[in-house]
Amino acid sequence: MIPPAISYVTFNRLGLTVRNLAAIFESTDDFEMHIVDNGSIDGTWEYIQSLKDKRIKSKTNVGVNAGQVYGINLNLMRRKPEQYFITIDNDVYIETKDWISKFMRVFNEFPEVGLLGVAKGEPYPVFYPPVILKLRNGVSYLELMHSVPELEGDFVPGCCQCLRPDLIEQLGYWSEENYAGEAEISLRVNNYSSYQAGFVPEISIKMPQSLDCSQCQNNSRCTLNKPSETCFSIYKKRYLNDVFKNKFKWKFEETINDMRSGKRPVYCASSLDAASVEEHAFILEWALDNFKFYIDNTK
């Protein structure tokens, strides 16, 4: 079987990227990685360019931050049709060395499962929305019961997710129209596709949000004016996801209403894929508005 494609999208926080990418490269499983840098200004792109690992298949600097969904969809377009697709946030440190094998074991035993993820790691508390334990031939996972927007946190977190190729054919792309990310992808899978979503508790991750400069593997090469400016202070100043959600949550709400009424299909097109836009419903103005918000506010 062809190794899965990994999408890794960066935006500053170089200290975490160096540490967490190293952990991924220590995996005992094979993969093909595609890296997108969303216009970092802390030396991230220079570091990515220096990486020589043969499992890295593409490196792209988009120059500006159009939001994480844009980067994920850019990498998704590079996936081969038969590849599983994994997306990993750059604040995720994967402790389990055979984590990809653990994902695949569940997919192989449960053909009805299309999306698998893990609970957020330390410093976040381990949290699962309503789930059901599924066990078959010694293999288990936690199945997401429903995924209702009205129930806070009722989705598989987007920090580390793996999708089955056949599911991607049904889903298309992450929604650029509402930019709701993890919440919308879980909702589409569990409620409007022919697949189920769930968690693999055997995969252990940590999610440190900062790192002391003295512990950073890139410290000797860092050119920032520490301690007044670090890669984390640069990121924090430009992190506006919560602001975006509060301002544009109405788009997600309208999307949900349209899906419930049958006006909107499960497939989401992408502005990066002209054919998908021609063949499926797509509100370009919403997507461009989302891109513009990040580009204008995270420089």
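The sheet here is an open one of 9 strands, in the order 3-2-1-4-9-6-10-8-7 and with mixed pairing. Strands pair if DSSP finds at least two bridges between them; strands (E, at least two residues) and helices (H or I, at least four) are DSSP runs, numbered from the N terminus. Keep in mind that this is a predicted model, where local features need pLDDT of at least 70, side-chain atom pairs count only at pLDDT 80 or more, and totals for chains, interfaces and linings use all residues. Residues are numbered from 1 along each chain as its sequence is written, and side-chain values use heavy atoms, leaving out hydrogens and water.

- At the edges sit strand 3 (56-61) and strand 7 (131-136), each of which pairs on one side only.
- On average, neighbouring strands of this sheet are turned by 25° against each other, direction ignored.
- Strand 6 (residues 113-117) and strand 9 (residues 160-163) run antiparallel and are joined by 3 bridges.
- Look for Gly117: its bridge partner in strand 9 is Gln161.

**Helices on the sheet**

- Helix 4 (residues 99-109) packs on the sheet, and the strands it touches include strand 1 (5-10), strand 4 (85-89) and strand 8 (139-144). Contact means heavy atoms within 4.5 Å.
- The direction of helix 4 makes about 155° with that of strand 6. For such angles, axes are lines fitted to C-alpha atoms, for helices over the stretch in contact, and values run from 0 to 180 degrees between N-to-C directions.
- Helix 6 (residues 182-192) lies across strand 6, strand 8, strand 9 and strand 10 (196-199), and runs at about 130° to strand 10.
- Helix 6 is mostly covered, with 9 of its 11 residues buried. Buried means under 20% relative accessible area, exposed means over 50%, and partly exposed is in between (1.4 Å probe, protein chains only).
- Among the buried residues of helix 6 are Glu182, Ile185, Leu187 and Arg188, and their cover includes helix 5 (165-171) and helix 8.

**Aromatic rings**

- There are 18 aromatic pairs, counting rings of Phe, Tyr and Trp (its six-membered ring) with centres within 6.5 Å; planes under 30 degrees apart are stacked, over 60 edge-to-face and the rest tilted.
- Take Phe244 and Tyr294: their ring centres are 5.2 Å apart and their planes are at 35°, so this pair is tilted.
- That pair links distant parts of the chain, as Phe244 is in helix 8 (residues 241-261) and Tyr294 is in helix 10 (residues 284-297), 50 residues apart.
- Phe244 counts as buried at 2% relative accessibility, and Tyr294 does too at 6%.
- One aromatic cluster is formed by Tyr70, Tyr179, Phe244, Phe248, Phe291, Phe293 and Tyr294.
- Lys251 lies over the face of Phe248, at 4.3 Å from the ring centre. The rule: NZ of Lys or CZ of Arg is within 6 Å of the ring centre and within 35 degrees of the ring normal.
- Arg19 lies over the face of Tyr93 at 4.2 Å from the ring centre.

**Cysteines**

- Searching the whole structure turns up 0 disulfides, using a cut-off of cysteine sulfur atoms within 2.5 Å.
- Cys213 has its nearest cysteine sulfur, that of Cys222, 6.5 Å away. Cys213 counts as partly exposed, at 26% relative accessibility.
- For Cys216, the nearest cysteine sulfur belongs to Cys231 and is 6.1 Å away. Cys216 counts as buried, at 18% relative accessibility.
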